[in-house]
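Me: I'd like to learn how to read sheets and helices in a model like this one. Can you walk me through it?

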Amino acid sequence: MTIRVYNSLTRQMEVFEPIERGIVRMYCCGITVYDYCHLGHGRTCLIWDVVRRYLQWRGYQVQYVQNFTDIDDKILNRAKNEGVSMEEISERFIEAYFEDMEALQVGRADSYPRATHTLNGIQRLITELEQKGFAYASRGDVYYAVRRFEDYGKLSGRKLEDLQAGASGRVETEDPEVSKKRDPFDFALWKGAKPSEPAWESPWGAGRPGWHIECSAMVREGMGETIDLHVGGEDLKFPHHENEIAQSEAVTGKPLARYWLHNGMVKVGGEKMSKSLGNFTTIRDLLARPVHPMAVRLFVLQADYRKPLDFTDEALQAATNGWQTLQDGLLFGYQYGEQLGWRVNGEDIAYRGGNVPVAEVWIERFSDVVDEDFNFAGGLAILFELAKELRKERNLLTHEGKTEVSPQRLEVQWRILVTLAGVLGFKADWGGLETPTGGGLSDGEIEALIAQRQAARRAKNYPEGDRIRDELKTQGVILVDKPGGITTWYRES
């Protein structure tokens, strides 16, 4: 197997070779738990969940870790405004995070370390940095001496002389006492306690950790000194990931990660979706419109993961229509398998491999495409080929009682579709075929409208009959009137 990835550190495509054969250690920078997740968070979590799924399908054992930042000014501010504790805010939105991700069928990471659970490791790392001359204490705070790390800027490509202090919008904005720093580029590793704020004891006095040191300590404590994949949003590349590298590598003398991967941002009107700009849509509000969770997954995966993703109603509707096509293909076996002589077991429908040339061709095509820097959009194109062919055969079966392709070949193609869709995290509700999905009409709703149309025609209310027919056509449902007053239908390919 040859998987190639775009390494943000080297700015080029590279063959993916994990440190330990067959094992991938993968760390994703998670969320700060002070509010509900928006679609930008959803894209990040969904992309790296699918990368994990794909690596597992390709035979790797994956250790996937994603952190929670549960010490932060935004959490503290919300706690103050609501008159509750920081812990209460964190727990509330960690629970909400899991609810949102479950709705999107994002699998759980193997572990979710928290800043508040890693304080010993954080303090130990800061102490080592201080001992090696990369950190210094200043009136209760501890700062990282950026100019001491010669490779600073190697991930982002930025040079210190071109930078401005506080470029991230999160670096030291809460600390007006910039005079504590020896250099304006230095960033906080530990912050002295402020009145009425939660604090923990440390060698430098009561306080709390800075944002960047958290992930360095979590990676080292839970995964070792060097991991295979460090992933996250493009907005974290600088300064967060840059600072992680400076902190970790100054102590260990080893690369923090072999490969750095970053997903692009979700944009609205050309600007990054974010709470600070007020242009965000939460995942739960989006699903409540309603938009089907699988349509959201399709919306995210249909774009190159490294590029920006434009959030528009039109794009969501296109994804909804696309999901209807995929779902029709995924449901084919449950709807027509018995008629075609298949044995369809809901617990065992995936293609298990074997000497079936047509199956191996589809699988090889899929893996060849997705192996190239996790090209999920290319993989989706193959799923749509399979789904559209199954939809075509369904229409023939419905109207002519037979298919052009042999039942045996159709069964293989359907099982391949189910398998590859599962790799990308798509799953149709085969146990509820009457349930409308993605905003489309269910079979039951279609049949009800056809019955209304037939009643209108019997009453010679032809304009009403035509209206219903046209309404169904706008939903992609084509009616076929046959002799004897019989009407059949099929979904447009």
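Reply: Strands of a sheet pair through backbone hydrogen bonds, either parallel or antiparallel. Here an open sheet of 4 strands has the order 4-3-9-10, and its pairing is parallel. Its edges are strand 4 (61-69) and strand 10 (257-263), each pairing on one side only. From one strand to the next, the twist averages 20°.

Me: Before going on, what kind of model is this, and how are things counted?

Reply: This is a predicted model, where local features need pLDDT of at least 70, side-chain atom pairs count only at pLDDT 80 or more, and totals for chains, interfaces and linings use all residues. Residues are numbered from 1 along each chain as its sequence is written, and side-chain values use heavy atoms, with hydrogens and water left out. Helices (H or I, at least four residues) and strands (E, at least two) are DSSP runs, numbered from the N terminus. Two strands pair if DSSP finds at least two bridges between them.

Me: How many bridges join strand 9 and strand 10?

Reply: Strand 9 (residues 227-233) pairs with strand 10 over 6 bridges, in the parallel sense.

Me: Which strands does helix 6 lie across?

Reply: Helix 6 (residues 237-252) lies across strand 3 (23-32), strand 9 and strand 10, and runs at about 155° to strand 9. Axes are lines fitted to C-alpha atoms, for helices over the stretch in contact, with angles from 0 to 180 degrees between N-to-C directions.

Me: And what is the strand order in the antiparallel sheet?

Reply: That open sheet has 4 strands in the order 5-6-7-8. Strand 5 and strand 8 (207-209) are at the edges with a single partner strand each, so one side of each has no neighbour in the sheet. The twist again has an average of 20° from one strand to the next. Strand 5 and strand 6 (residues 141-144) run antiparallel and are joined by 4 bridges; Ala137 has Val142 in strand 6 as its bridge partner.

Me: Where is Gln324?

Reply: Gln324 is in helix 9 (residues 313-336), and at 12% relative accessibility Gln324 counts as buried.

Me: How do I describe two packed helices?

Reply: Two packed helices are described by the angle between their axes and the distance between the axes. Helix 2 (residues 73-82) and helix 3 (residues 86-103) pack at about 110°, with axes 8 Å apart. That pair is therefore roughly perpendicular: angles under 35 degrees count as roughly parallel, over 145 as roughly antiparallel, 65 to 115 as roughly perpendicular and the rest as oblique. Contact means heavy atoms within 4.5 Å, and among the residues making it are Ile75 and Leu76 of helix 2 and Met86 and Phe93 of helix 3.

Technical notes:
Buried means under 20% relative accessible area, exposed over 50%, partly exposed in between (1.4 Å probe, protein chains only).
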